[in-house]
Amino acid sequence: MDVLENYKKAWSKQTEVAEKVSTNEIYKMAHSKSSSIVKWIFIVGILEFIFWITINIFTPDSYSFFEIYKDLNLETLINIFTILHYIVIIGFLYLFYKNYTKISIADNTKKLIHKILRIRKTVRNYVYYNLAIIVLTSIIINIVVFSDEDKMNKFFNPENLTMSINEMITLSVISQLIALVIILALFWLFYKLVYGILLKKLNRNYKELIKLDS
Amino acid sequence: MQKDLEIKFLADFEKNQNIAHKICRLYTTNNDAHKDLFQEITIQLWKNYPKFRGDSKFSTWMYRVALNTAISLYRKSTRKVKTQDISDVAFKIKSNDYDDTEERQLKALYNAIRELNDIEKALIFLYLEDKPYKEISEALGISSVNARVKMNRAKEKLKNILNP
C-alpha cells in the first residue's frame, strides 16, 4: 500500500476540537475588516490615481506654467491635450473599476490570480501613460524652445547669464535628463517596494500554475 | 431577508468550519496567523455568500473560497509573529484506543505539507480530503492531466520529506 495512504487515514480521523469557533465568533469575524491583498492593491491603485490627478490639476494651474505655455504659443495645443488627457484618465479609472468588480473569489485559482494581476496591470499602464506624457511634453517644449533663440534665452536663461547657445543646450538637456533619471529611479524604487511586497506571492503562485501549461 | 441569509450562513459555516481550520493549519505556522487567516476566510465567505447559488454543495464552494483566500488573498499578518507552534491539541485523533501512532503521523504530515509551495499544498490537501481529480482541476484552473502530473510530483516530494 502507498505510504501516503497510511497518513491519509490519520488525516481523515482528525477531530475538530482544537480551534473550533462558535457562531457568535463567526458572526463577529464575518463583519470585521478584510486585509486581503486585493484590498491593498485596490487602495494603492486609488492612491496612484489620486496622486497623478493631483499633479495634473495643480501643475498647469500654477501661474508660471501657463505663462510659459503662452510665451511658447502652445496654449491651444495644451488645452486640447489636457481634455484628451482627462478622457484617457476616465478611461483608465473605468477599466480599473471594471476589472476590480470582475474579481470573484469563487473563480478557479488561476483565473482569480489572473484577474487580480490585471487590476495591477491597469494601474501600471496608467502610470506608464503619465510618465510618457511627462516625457512627451518635455520633448515638445524642448523642440519648440530650441527652435527659437529668443525663447531659449527666456526659458533656460532668465537671469541673462553669459552663456553660449551650445552651452545652454547642453546644460538644459543634461539637467533635464538628470531630473528624469531621478524621477524614474524614485518610481522604480516605490514600485519594487510596494508591489514587490503585495505581488510576490501572487506572481509565484501564478507561475506555478501556468508552468505546466506552457 | 438579510437576517435569514445570515442565520443560514452561520449554520452552514459552523458545520463546515473544520475545512477552514485544516487549511489554516497548512498555510500558517503559528496560532496568531492561523486566527488571522481564518478571519479572512470568514470575511470572504460571508462577503460572497449572497452569490453562492447553491448549485454546488456549500462545502465544495467553501473549499474553493477558503483555498483561494489562502493562496491568493492572504497577506502574512504584520502583527508580531510568535514562534510558538500550533498547539498539539490540534492533532488529536478520534480514537478510544491508547495508540499515538496516528497522532504522530498526523503531526508529521502537517509539518511535511508546510514545506511544500502554496499550489502543492492545495493539491495534497484536496487529495487528503478525497476530492476527485475533476474537482481538483476545476478548483485550481488547470487541466485534469496537469492536475494528475502535478499531484504525482507533489506526492513524491511529500514522501521524500516524510521519509528522507
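**Before you start.** Residues count from 1 along each chain as its sequence is written, and chains are lettered from A in the order in which they are written. In this predicted model local features need pLDDT of at least 70, side-chain atom pairs count only at pLDDT 80 or more, totals for chains, interfaces and linings use all residues, and side-chain values use heavy atoms, with hydrogens and water left out.

**Stop 1: chain A.** Select chain A and colour by secondary structure. Chain A has eight helices and zero strands. Helices (H or I, at least four residues) and strands (E, at least two) are DSSP runs, numbered from the N terminus. Of its 214 residues, 36% count as buried, meaning under 20% relative accessible area with a 1.4 Å probe, protein chains only.

**Stop 2: annotated spans.** An unreviewed UniProt entry lists "transmembrane region" for residues 37–58, 78–97, 126–148 and 168–191 of chain A. Such annotations may be inferred rather than shown by experiment. Select residues 126–148 of chain A: the span is 91% helix and 0% strand, with end C-alpha atoms 34 Å apart. Move to residues 168–191 of chain A. That span is 100% helix, and its end C-alpha atoms lie 34 Å apart.

**Stop 3: the interface.** Show both chains. Here 50 residues of chain A are in contact (heavy atoms within 4.5 Å) with 67 residues of chain B. The buried area is about 5,600 Å², and carbon and sulfur atoms give 59% of that. Buried area is the accessible area (1.4 Å probe) that two parts lose on being put together, summed over both.

The rule finds five salt bridges across this interface. Each is a side-chain nitrogen of Lys or Arg within 4 Å of a carboxyl oxygen of Asp or Glu. Zoom in on A:Lys13 and B:Glu102, whose side chains meet in a salt bridge at 3.1 Å, N to O.

Which elements of chain A give two or more residues to the side that touches chain B? They are helix 1 (3–12), helix 2 (23–30), helix 3 (37–61), helix 6 (109–146) and helix 8 (165–211). Helix 1 of chain A gives the largest share, nine residues.

**Stop 4: B:Tyr27.** Select B:Tyr27, in helix 1 (residues 2–27) of chain B. Is B:Tyr27 buried or exposed? B:Tyr27 counts as buried because its relative accessibility is 11%. Beyond four places in sequence, its contacts include B:Leu37, B:Leu67 and B:Asp118. The side chain of B:Tyr27 reaches the backbone oxygen of B:Asp118 at 2.7 Å.

How values were computed: Buried means under 20% relative accessible area, exposed over 50%, partly exposed in between (1.4 Å probe, protein chains only). A polar contact is a pair of N or O atoms within 3.5 Å; within protein, one must be able to donate a hydrogen and the other to accept it, and residues adjacent in sequence count only if both atoms are side-chain atoms.
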